[in-house]
There are 2 protein chains.
Amino acid sequence: MNSIINDRIQSFSIIVDYASLTINQVTLMTLDQLSIILPAIGAVALLFTWWKTQSINKISEGSERMAKIAKSIQEGAMAFLRAEYKVLFFFVVAVAALLYLSGNNNPNSHGLVAFSFVVGAFCSGLAGYLGMKVATKANVRTANAAKDSLGKALEVAFSGGAVMGLGVVGLGILGLGGLFAYFSEFFDVYKNFNPNGQNDELNKTLSVLTGFSFGASSIALFARVGGGIYTKAADVGADLVGKVEAGIPEDHPLNPATIADNVGDNVGDVAGMGADLFESYVGSIIGTMVLGAAMVAGSSDFVDFLGGLSPIFLPLILGAVGIITSILGTFLVKVKDGGDPQKALNTGEFVSSGLMVAASYYIINKFLPETWTFNGISYVPMDVFWATIIGLVSGLAIGMITEHYTGTHKKPVIAIVDQSITGYATNIIAGLGVGMISTTLPILVIAAAVIGAHEMAGLYGIAIAAVGMLSNTGIQLAVDAYGPISDNAGGIAEMSELPKEVRERTDKLDAVGNTTAAIGKGFAIGSAALTALALFAAFTASFNQTHPESPLSHINILDPKVMAGLFIGGMLPFLFSALAMGAVGRAAMSMIQEVRRQFHNIPALKKALEVMNLNEGKPSSDWSEDDKKSFDEAIDSAEYGKCVEISTQSAIKEMVAPGLVAIATPVAIGFGGGATMLGGLLAGVTVSGVLLALFQSNAGGAWDNAKKMVEEGYEINGETHGKGSDLHKAAVVGDTVGDPLKDTSGPSLNILLKLISVVALVLAPFITLSGLFS
Amino acid sequence: MNSIINDRIQSFSIIVDYASLTINQVTLMTLDQLSIILPAIGAVALLFTWWKTQSINKISEGSERMAKIAKSIQEGAMAFLRAEYKVLFFFVVAVAALLYLSGNNNPNSHGLVAFSFVVGAFCSGLAGYLGMKVATKANVRTANAAKDSLGKALEVAFSGGAVMGLGVVGLGILGLGGLFAYFSEFFDVYKNFNPNGQNDELNKTLSVLTGFSFGASSIALFARVGGGIYTKAADVGADLVGKVEAGIPEDHPLNPATIADNVGDNVGDVAGMGADLFESYVGSIIGTMVLGAAMVAGSSDFVDFLGGLSPIFLPLILGAVGIITSILGTFLVKVKDGGDPQKALNTGEFVSSGLMVAASYYIINKFLPETWTFNGISYVPMDVFWATIIGLVSGLAIGMITEHYTGTHKKPVIAIVDQSITGYATNIIAGLGVGMISTTLPILVIAAAVIGAHEMAGLYGIAIAAVGMLSNTGIQLAVDAYGPISDNAGGIAEMSELPKEVRERTDKLDAVGNTTAAIGKGFAIGSAALTALALFAAFTASFNQTHPESPLSHINILDPKVMAGLFIGGMLPFLFSALAMGAVGRAAMSMIQEVRRQFHNIPALKKALEVMNLNEGKPSSDWSEDDKKSFDEAIDSAEYGKCVEISTQSAIKEMVAPGLVAIATPVAIGFGGGATMLGGLLAGVTVSGVLLALFQSNAGGAWDNAKKMVEEGYEINGETHGKGSDLHKAAVVGDTVGDPLKDTSGPSLNILLKLISVVALVLAPFITLSGLFS
């Protein structure tokens, strides 16, 4: 009797074993497939950028002069990248060595974290390199295509942007997907994985993977800060000496700083924005993976399609699908002459967003279990779906609010123009006021998104909301990067004295670019906020998994160390902004001196300036032969390279101090004050950073457009005030004040808050709960 | 046998009863004495102010013209107060009714909270009234005394300030001490008090007492915001139309806005600053009392001189002693002609600080037990003493850091001047940079003080540190208020055309006043920060005592509602500043239109302006009789009153919106999101408010002094740039931008953060842990 029962039990257990083996095999097969498919989709994006680059290369650069100017810009841009990457090389090597040593000495981490870091830094650098390379090719070709039609010009400019956009997401998914596949193999994650237990291998894998995000953030920091300093130093230098002192128009070839100015647009707005969104993209995915692992570990009934790994894979899968929808979207961005480029861009974005929502719905319901319980609350896949929608909608909302506060002919900008009539000071006060009040609605949106997404799916919900917001980064960034390419095209058209209708077409593209840039900036801030929060939550999850004996169950504001951390964190964005603005001031001063030196010391240039003033307003075709000759000689003698070099050197030198503050502070607080104080620091820097970024970006944007409105001619009491009027002078001062705010210190804060969160995430296994002081 | 034991036990218990009765009797006697002594010392301060006022009244006002001008200023100031108090009357009645109803319907509170509120509002209003009244008497008498000597002028100006200073602390201690004595009697606190148990009567008493702080805060809010709007509207209006358009000097009697401008100095800098420090003073004392009660309730071995009530009485006793040391200090502020007024003020402050430290040492060791245990940590009195010292030292440190960033001939201000050479925009950028970087050190001081004071004596330590910082408020505020009185005296000397040496003497006093004002502003921000934290801690203590079933054990940043609260709280200071700046802009616009109207429509005024321009630079004694006549007629015809009315009406109208935001937000979040979200809000508003207050005050101060440095004549490359130079024009723009930042929005934030904390404290018994949404 007994033996029969034993036999039955044995045979039953064999069946069960066999069944579970089948499940495991199916799962392993799917996991193995995913390990290939995900990086492959990343590679597809890169192939797409290669194909787009080829199609751009095929287009003619136009006249010899255009090619020459374009070459100067490209060389300048590449020179900056080379100089920047040279400095960053040493930084990356030094940090990688530290990471390797500490990783190897910690049971919860591994020396491979250094490898992740290097790959992340490399991918971010490569994305910047590719984007800039193609942007500096597309600019001149856009100008040339604008000779034919608006549609062709849009196509070229947008193709250039698409290379940046899909390069970023492609490298992100290829890098993250590839590394995750490799580490999973290395640590043997899949075979040992148990959805109902503590998975040390998975945790170690994810901890090592965070290095990727840290690498991306580090490069982003220097790209944004360095790029921001570069672009504003060149801009201010070119404007103050060229426009104001020498009286020559913007983008004029006699101005030695012109090339540097155009290089700056690429360095700041293309590479800087690209690195920023690469960081958000990668950060939100990694944060979600870490929180996904914590969710699975904390729920006892997690049975899904991937053997319990679906929440970890979900952000990667959504990202990969977003690549496909973005590529599809790019094919819809077309316009006929006389058509509206804005509409074309909107169509591309909206269709690809729609596809993404539909795909997310399918994927989330397919991969996640029908229901599961975590922290005593039961969830269904639709909860996670709604969290992604919350992210998507809030990103759009913040973008639209930004557009309201900074757009021409909107109430806030009109108010600035109206108050500029009483002078410089009232213009500044009005702009500061607009910047401050523009924080209210975006913050309410973020607060609502945080509560809503958490209500849906806990901390995982907040992280997946960030992923939802960023799932369309490919096409979003394409639209963003298209702006500076069009701007550059206009500059090249001006410098090459192309026919008036060409400049009109590029101006039309550029005007649309300004709106998309404003929305893109708001979007970047919103995504930075959610990404930082996702990384913050991931930091606590990672800390708890590596410190099960003393977990970080709460970060209590009533704890004075947390409060002190909040204060210090809140202060950092102010310090950081001050350093960035100081750097711009010093760099601009060097540029001013160099341009003045060239105007005084280069005889040909000095003569040409005199010739220009004599022929004031006449097109060069009507000049005397002698005058034309002096002019052409002068162009050969203006030393553009010197200005490019000065901007490059200043930017590199000046980016170091803010960079060190950003990295050293969380390290010092993490080891000194422990995880709780570090938590306070993160919360403080996130809240204050988002606020100050919104304030600075929006004030700067509003001043910029107030100036544009005056330049169009603004009527007050029947009198029209245009270029050269007192109203215009006041508006120009506001625009100049706003420049470093919106292009240097403001955007750098996006990086700061993500970077500090990611440093915390990387540090999590290494620090203790209370630090050195108990 | 049994009966013998019984007998023994009985007789032993009789002895114990008798002994405890003796202790209770001694304690009760001491408590009864304190209930009389504390308010009596407050009354002594008021007697002192009465005596000082009498001595000021005895001094001559000088010429008829001086008396006339002074009367206009005084009438304007009182008209503003009347208008303000009329609006506030309805506000106070409405809020008191709400408090009465909710207090009566809550077992942990009482309708008397409405009474406390009304008394608090009344005391704050009375302090403002007394201070303004005497300041507007002292200004003209200072000018007149300056005819004789610097020493006499200092004495009058400082006496005026002393009335404000001691009026504030006197009313604070009289009000708080008196109410506490009355409520203790009413709720029968002393007899029922048990140091080792839950004391519902004491908690109810303290909860009711918080209404006093709420009343003080409400009045402070409107005084600071309304006063700030008033002073800047008048200032900008007087400057823009008078100085820039009509070309007449500052403080000139022909300018209809001159009187309003001088009224503004009193309204903003005397009454506003007084209300601000009254709020800090009262708030820090009440916060400490609440936390003291929590400490006693939480420790099982608390045996002291007052039967366990010493931590509750300690802040009141220290305040009372501070009154005496402040009075003693005032007697040391004396200077001979040729002497340094700064030194005289320093002597007074330092001696009274020294006395205060010695007295604190004695009192703390006398009243607190030899040792006690709270939350498992054992404390000794010296811990509390060191916490007060930490407060005192950090207040001084923040003041000195402020002086560094805003003082003339200091590096940051010199940097602004240097950057102004390239124009308006670089002046603004440099100032914004100085404002931002000036937040770093004060925040580190506050963070260190929070950790240090808590390390010493827990949350009670943080609160008592605020009390320590504020214990010398009497003399500190006297020094602060002396500044605007001297400033006014200079204006009156100018308007009355007194001899040059008089103006020189008042200028000397005024220059010292600027330094003390800068330090005072830093001090006000630092004390606001610590007071807000004390009130914050008191809020949680009060909530826990009234909600023992669901206490607020921690405010967890990882809770999304707390995070959302942090975001919203962080945003409020930006919204509030934007509203305040917008209000200044609108109010200034009305003022500009009124001054222009008078210049155009009043024939006598129009003629006198022409006469003045004809006699440009000549002293009036050299004018023709006709010209003199037109001039005198014009003065009679300039409608100062209209300008005063416009400033008053605008200020009253414009203070409502920011006021409502400040009060409605914590109420909405408290009831909607519960105590946890409210906690997040408090932390956010405190951190962001302190940062933005430092940024705005210091940027404004630095711009102001950069302008002053240029006006003294500034040498660059051997060339001197003075008044009227391009450098000066750039510096003037910076100063104008900085004005509303440093005098309206910046200082209003001090109030905002304390007010929101005190609203939370008042709400504590009425709200739930999680609010309407779980």
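Q: Helices are DSSP runs of H or I with at least four residues, numbered from the N terminus, and the model considered here is predicted. Which helix of chain A holds both Asp507(A) and Arg503(A)?
A: The side chains of Asp507(A) and Arg503(A) meet in a salt bridge, with N and O 3.2 Å apart. The two residues are 4 residues apart, which means that about one helical turn separates them. The helix that holds both covers residues 500–546 of chain A and is named α15.

Q: How many residues apart are Lys754(A) and Asp276(A)?
A: Side chains of opposite charge can pair when their charged atoms come close. Lys754(A) and Asp276(A) form a salt bridge in which the closest N and O atoms are 2.6 Å apart, and both residues are buried. Lys754(A) lies in helix α20 (residues 726–763) and Asp276(A) in helix α7 (residues 258–298), both of chain A, and the pair links distant parts of the chain, with a separation of 478 residues.

Q: What is the relative accessible area of Asp739(A)?
A: Asp739(A) and Lys742(A) meet in a salt bridge with a distance of 2.8 Å from N to O, and both lie in helix α20 of chain A, 3 residues apart, about one turn of the helix. Both belong to a network of salt bridges whose members also include Lys232(A) and Asp704(A). Lys742(A) counts as buried at 8% relative accessibility. Asp739(A) is buried too, because buried means under 20% and its relative accessible area is 8%.

Q: Which elements give two or more residues to the nonpolar patch?
A: The patch lies on the surface and is formed by Ile324(A), Leu328(A), Leu332(A), Val351(A) and Leu355(A), which together have about 380 Å² of accessible area. Among them, Val351(A) lies in helix α9 of chain A and is partly exposed, with a relative accessible area of 35%. The elements that contribute two or more residues belong to chain A and are α8 (310–330) and α9 (341–367).

Q: Why is the pair of Phe48(A) and Phe331(A) described as it is?
A: A pair of aromatic rings is described by the distance of the centres and the angle of the planes. Over all chains, the count comes to 37 aromatic pairs. In this pair the centres are 6.2 Å apart and the planes stand at 75°. Because an angle over 60 degrees decides the class, the pair of Phe48(A) and Phe331(A) is edge-to-face.

Q: How many residues apart in sequence are the parts that Phe48(A) and Phe331(A) tie together?
A: Phe48(A) counts as buried at 8% relative accessibility, whereas Phe331(A) is partly exposed, with a relative accessible area of 41%. Phe48(A) lies in helix α1 (residues 2–58) of chain A and Phe331(A) in the loop between α8 and α9 of chain A, so the pair ties together parts whose separation in sequence is 283 residues.

Q: How much area do chain B and chain A bury between them?
A: The contact involves 64 residues of chain B and 64 residues of chain A. Across this interface the rule finds 0 salt bridges. Of the area buried between chain B and chain A, 88% is on carbon and sulfur atoms, and the area itself is about 5,700 Å².

Q: What is the phi of His409(B)?
A: Most residues other than glycine have a negative phi. His409(B) is found in the loop between α10 (381–406) and α11 (411–419) of chain B and is exposed, with a relative accessible area of 52%. Although His409(B) is not a glycine, its phi is positive, at about 65°.

Q: Where in chain B does Asn717(B) lie?
A: Asn717(B) is not a glycine, yet it has a positive phi of about 50°. Asn717(B) is exposed, because exposed means over 50% and its relative accessible area is 80%. In chain B, Asn717(B) lies in the loop between β3 (714–716) and β4 (719–721).

Terms used:
Residues numbered from 1 in each chain as written. Chains lettered and ligands numbered in written order. Predicted model: local features only at pLDDT ≥ 70, side-chain atom pairs only at ≥ 80, totals over all residues. Heavy atoms only, no water. Salt bridge = Lys/Arg side-chain N within 4 Å of Asp/Glu carboxyl O. Buried < 20%, exposed > 50% of the residue type's maximum accessible area, 1.4 Å probe, protein only. Patch = residues over 30% accessible without salt bridge, like charges linked within 9 Å, V, L, I, M, F, W, Y side chains within 5 Å. Areas by Shrake-Rupley, 256 points an atom, 1.4 Å probe, with all protein chains shown as cover. Phe/Tyr/Trp six-rings, centres within 6.5 Å; stacked < 30°, edge-to-face > 60°. Contact = heavy atoms within 4.5 Å. Buried area = accessible area lost by both parts, 1.4 Å probe.
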